[in-house]
Structures are given as structure tokens and as C-alpha cells.
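Q: How does one read the way a helix packs in a protein model? Please start with the terms.

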Number of protein chains: 2
Amino acid sequence: MGRRVEPVRLAGKNGRMRREQPGPDALVRSAYIAHRHFVEGRTRIEIAEETGLSRFKVGRVLDEAVSSGLVTFQIASPSGIDLDLSIKLTRAFTLDRAVAVNVPSEQPEVMQQYLGGTAADLVTEILTDDDVFGLTSGRTINALARALKTLPSCEVVQLAGIAGPIQETGIETIRRVSAIAGVRPWTIYAPLVASMASTAEGLLQQPEIRDTFAQFARVSVAVVAVGSWNPADSQMMQNPALGAEDRDKLVARGVRAEVGATLVGDGGEIIHDLDNRCLAIPEAQLRRIPQVIAVAGGAAKTEAIRAVLASGLVHSLVTDAATARRLIGA
Amino acid sequence: MGRRVEPVRLAGKNGRMRREQPGPDALVRSAYIAHRHFVEGRTRIEIAEETGLSRFKVGRVLDEAVSSGLVTFQIASPSGIDLDLSIKLTRAFTLDRAVAVNVPSEQPEVMQQYLGGTAADLVTEILTDDDVFGLTSGRTINALARALKTLPSCEVVQLAGIAGPIQETGIETIRRVSAIAGVRPWTIYAPLVASMASTAEGLLQQPEIRDTFAQFARVSVAVVAVGSWNPADSQMMQNPALGAEDRDKLVARGVRAEVGATLVGDGGEIIHDLDNRCLAIPEAQLRRIPQVIAVAGGAAKTEAIRAVLASGLVHSLVTDAATARRLIGA
DNA sequence: AATAATAATGCTCATATGAGCACACCGATT
DNA sequence: AATCGGTGTGCTCATATGAGCATTATTATT
């Protein structure tokens, strides 16, 4: 083969080629070299010996092929994760981890199914025997529990009281998770919000609840839901113990989102007005957990998520691709 | 620790996985590393420092990302050249160059337009002032001439007499090319085939024709058309000087294709029966040209092209993508 | 519990690669 | 002619990388 293995002229007309497009020969030659290197894994030196070019020339052809866009790198996930968005999200908010999940529909149930499933995969992946796993309650967290198949035998701690109706977000979430882990769960048999501070104080005296609260300091990995107060998409907010008056007052105070029972304003500031009526991990202890993963998605929650990310309460995020785009882009 | 019998352990202490599918975290992490390396061009060591991994680990993640298909290399041409096919074609027939052109239609005129255009780009690219450029005639070569915009000032030599009707494949092809090169052309004012050997011999005595024939030895780059004799798609074959009797006899002899006036059989063997009635570069001299580029395409010519490639008469090929696929046998 | 089998990690050292430089070449300009 | 600027080339040398190996961590088996 190699009939002309002499110094190749990539430029036509004795190098009189200016900023023109490469001709067919240069194109095919570049493509061949790129294929040989990137796809077949040959070294530049091997290609140089084959083609009779210098290794420097091969390197330059390769660089040019990449920078001109002749060669592009496609990073595509076989699973339903948008890797590119995930990376952008990680960077945009300086997160430990971010996962943007492709969901087939924006319907809440479908969304919860997918986010919960992915979050389940995520915690299955990162939890170890030595971890202490904390969870809040909520529909998405419930979907997570249902999607869990296996888990290391780590302890499981409920981080917050029950936010919504019992049948939806029951204690069974924690029970299921701890059953999979094969350990006894630390539960909180109480509502997330009490009507009066005195009630909350009373509940906190209960031995079981105190025991659970005592575990908060040991939690190493937590998964938390995010509720939106404006627009309203939060089980905590809809809790009957919270009167319309309280709600309005808090929204007027700038509450945009909640994590557990920690209320977050638009800029990420924490609003403590309701603290003494809540049964959940306090902000200070939440911040001490090394890895807090928020799981939330949907258009309505976009700004709530943004607020939570600004608060620095969470280190990681699992959300849907559309919401990821909204968070990053416009 | 943990003496209890666990169900199924998927993850080890440090989140290590067995031969399971990577979880979302590993996936995003790999994607991030791959992005940083391939797209952003960071070295493995830089990425190692950023991420806290060892450079070996980064290398392994990268290898795994490539071999698992997470990262794919896409080599796509902005122009109408199918680079992948071109490479396969080059390899399958051990060619110097091969270009597979995407054509919007299989119609002969459209095909000629595209092949001629690409061939024009190709010769514009590879010719230098010191080359001597040889051409046969034919409709595709004519399209090449029309598509030519610039050319080094190299000499232009007509390699074969006129194959078809004057109006279609006239001498003007050569005239146009040489005009662009800015030099005097070496022409052959004569038909490709004569009715009788004596006529051909007589024409060969003509000073102008002898002068042109004398240039054959100097030709360094040639572009040739390919005609198909079975199925019939060749202007030479349809030349009136070739009687039906001659045609049938030659086809019966196994002629499958022609290059200039060199007849080629199925296995690539040369059939010399008609040599003494033709006015064209002889096989021996054609073989001495360092770079002979065949330009031909279309379903009907597939087997003719295959025969010509087998003959070793040409070093390079410009064809349409569909024909390239047929030739490769994919 | 002990031990084998397996997998993952980081090391050494030889090799491959990149950055910058000097040179050659071409075309344009004085 | 002479010179200049631009471009393409291959060199040197410091750095990055790969192959193979020893070590450790983890899982499976006795």
C-alpha cells in the first residue's frame, strides 16, 4: 500500500492554503488517524510509524481534529440519567453530587417514582456498614423506600416527624428501609408540626423520641425532601396543625422552602420562627451531617430547590432533568 | 464487625461495587472525569489532584468509561463525506486514498455532480506545481472539470481519446482544466476506439497525438473514470466504432470494466484484445503513474469498480456512499 | 476462624507525550 | 534582490502515562 509515504502536503498548492477548509484527503486522513487513536487506542508514535508522519505531526492532526469538531466526545448514559446536566448542576452549585434524571412525564407520581428510584440507587451505592442513615418523610422519600432493594446493615434514623397524612407518608417508610438494612429503626411517632409550642415540648420529653433525637449527631448520610411554600407544594405547609394564619405569616416572612422542618428564605437564609413547634432535626445538627442529599423535582419546586441550595444545608441533589435545566439556565 | 448474616451485599466498605452496574454516583463521577479529560483536555494528574483520586484510579476510570461505552468518539464530517466508510474502504482494498461521498440521489447526473465535485476538491488538494496531471474523459471527469475552481500550474495530459459523443465529453474538459492551471494542455484529438487497427495506428502517427503520448511517462497524478461492461454503463462500450459483434465477443471474454481503454476482467486481469484499436495510455504506462485515482459510482458500476480495484490499476477511489457500502459488503 | 480466591489500589520504571524552540520554506513587500 | 511575517516542521527536555507487580482489602469457602 503506502505508495506515497513521503512528507505529506496537507496544504494544497504548495502550501498556499490559507484558512481554508481541509480537502477530502486531509479530512479522511485526519479521520483515519483520529479513529486509530481514539477508537482503536493506538499511540501517537505507533500511528506515526504506520503513516510515515512524525509523532509531532500526528499529535497536531489529533489536536486539530478535536478542536475543529471533527472528533466529538459523546458521553451518554445507558440509564435514565442526563450526565451532562448532572455535571453542569454539580458545578453551578458546587455540589458534592448531582443527578439529573430523565423522567417521561412531569406528573408528580411519575416524577416521585423516578426520583425515588434514582435516589435509592444512589444511597445503595454510597452507604456503607459504618454509616448512619437519616431520612425525612414525604412522598418522594416514600418512593425511595419502595424502590430500595438492598442496603448495607447501617442504622436508620428518622430525622423529622410525619409531615402529611398518615396513610401517605407513614412511619412505614422508615420501617421498610430499616427492614431492608436488617436493623432496628430510630423512629419519631409524632407529627412534624404541633399546634402549640408546649405540645412540641411535651412530645420531646417522650423517651422514644428523645432517643431518636439523640442519634442525630451520629447521622453520616441523610436524604431529605424539599417542600415549596411559594408556590405551595409541601406537605408540611398543608399540615392541619399549621393554621392559615401561621402559613400566611411565614410566607410573608419570606419562607420559600423547607427541609425537614427547617424553613429557608429566598436567599438561603434560615427562618427560625416555627422552630419551637416542630419535631425535627434542628438546623445546626443538620449542618453537621457530612452528606445531606436533597431529592426533589418538578416545576413548582424549582425556586424552593434553588433556595435550599443557596442555604448550604445540602451537599447533593437528585432532581429531574427539566428542573435541572431551569436551575442552571434561565 | 457485623457478624449477622446480611442478605446480599452489593457494596463494600468504601462503596466498592462488584460486577454490578455502576450506580448514579459512579456514573456521574465517571462522566465528570471523562468530560474533564476528553472535552476539557485536563491531564489525568490534574484530575487526580482535583478529585483526590490517584492518577492510576483516574486512568482506570477513563479506560473503563471508554470500554464500557459511556464515552464514545464520534467522527463526523461537516462536508458530505462519510469518513467512516472512507476509512473502511481504504482498508478493505488497501488503497492510498478512498472517499465515500454522500449523494442525495442515485440519479446519474446528481451522482456525477457530487463525485466530480469531491474529486475536484481532492485533486486541488493534492496536486502541486511539480505534478503532471493526467485525465481520461467521461461525464464524471467532465463534472470534475466544471467543479474545479483553482489548480496549481501543473501540466495537464489527456490520457485517452474521446469515449462518447463530442458534445458531452469533448476536449473542452481538458481545455478547461488546463485553462485553470494556466498551462497548455496535451490533448488527443481522436476517438478512444477506432473501427480498425490500421486507423488507430495511423492516428498514432499524428504529431500532436505522438507528443501527448510521449507525456504519459511524466504523469504523476491521474484521475480516471471507470466504465462498466456488464451491466452496460460505459461510453466506450457504446461507441459506434465498436460493433455489436466486438462488444459481445469482449463481454464473452469476461470484460467487466474499462479504465481509459484498458479492459479489466472480473478478477482484475487485463484483457488486451482491443489494444491495437485504442488510443489511450497503455496498461504498462498506467501502472507506472504513482497516483491513479478512480472516480465512479452508482449501483450499476459496483462490480466494475470491484474489478478495477482488484486489477491494481488504481491507488485511490472516489465513489458514493451506497456503492462504498456495497463494495465493502456490509 | 482460618484460608483461599478475587478485586482494587498505588508503586516503579520504561515509554509516550507536550511545550517551547530553532529552523526551513513560501509569498509578499520594499 | 533583500527582507519580513507567517506557517509548518521536527528537535530537546521536562512531564505525563502505561504495564506490570506487590500490597492490601474484601468476599467466598472450608
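A: Contact means heavy atoms within 4.5 Å. Helices (H or I, at least four residues) and strands (E, at least two) are DSSP runs, numbered from the N terminus. This is a predicted model, where local features need pLDDT of at least 70, side-chain atom pairs count only at pLDDT 80 or more, and totals for chains, interfaces and linings use all residues. Residues are numbered from 1 along each chain as its sequence is written, chains are lettered from A and ligands numbered from 1 in the order in which they are written, and side-chain values use heavy atoms, with hydrogens and water left out.

Q: How many helices and strands does chain A have?

A: Chain A has 14 helices and 12 strands.

Q: Which residues of helix H10 in chain A are buried?

A: Buried means under 20% relative accessible area and exposed over 50%, with partly exposed in between (1.4 Å probe, protein chains only). In H10(A), residues 207–215, the buried ones are Ile209(A), Thr212(A), Phe213(A) and Gln215(A). They line one face of the helix, because seen down its axis they fall within an arc of 150 degrees; the arc is that of the directions from the helix axis to the C-beta atoms. On the other side, Pro207(A) and Ala214(A) are exposed.

Q: Why do residues three or four places apart point the same way in an α-helix?

A: An α-helix has 3.6 residues a turn, so such residues point the same way.

Q: What covers the buried residues of H10(A)?

A: The cover includes strands E4 (155–158) and E5 (185–186) and helices H9 (197–205) and H12 (283–288) of chain A.

Q: What share of chain A is buried?

A: Of its 330 residues, 55% are buried.
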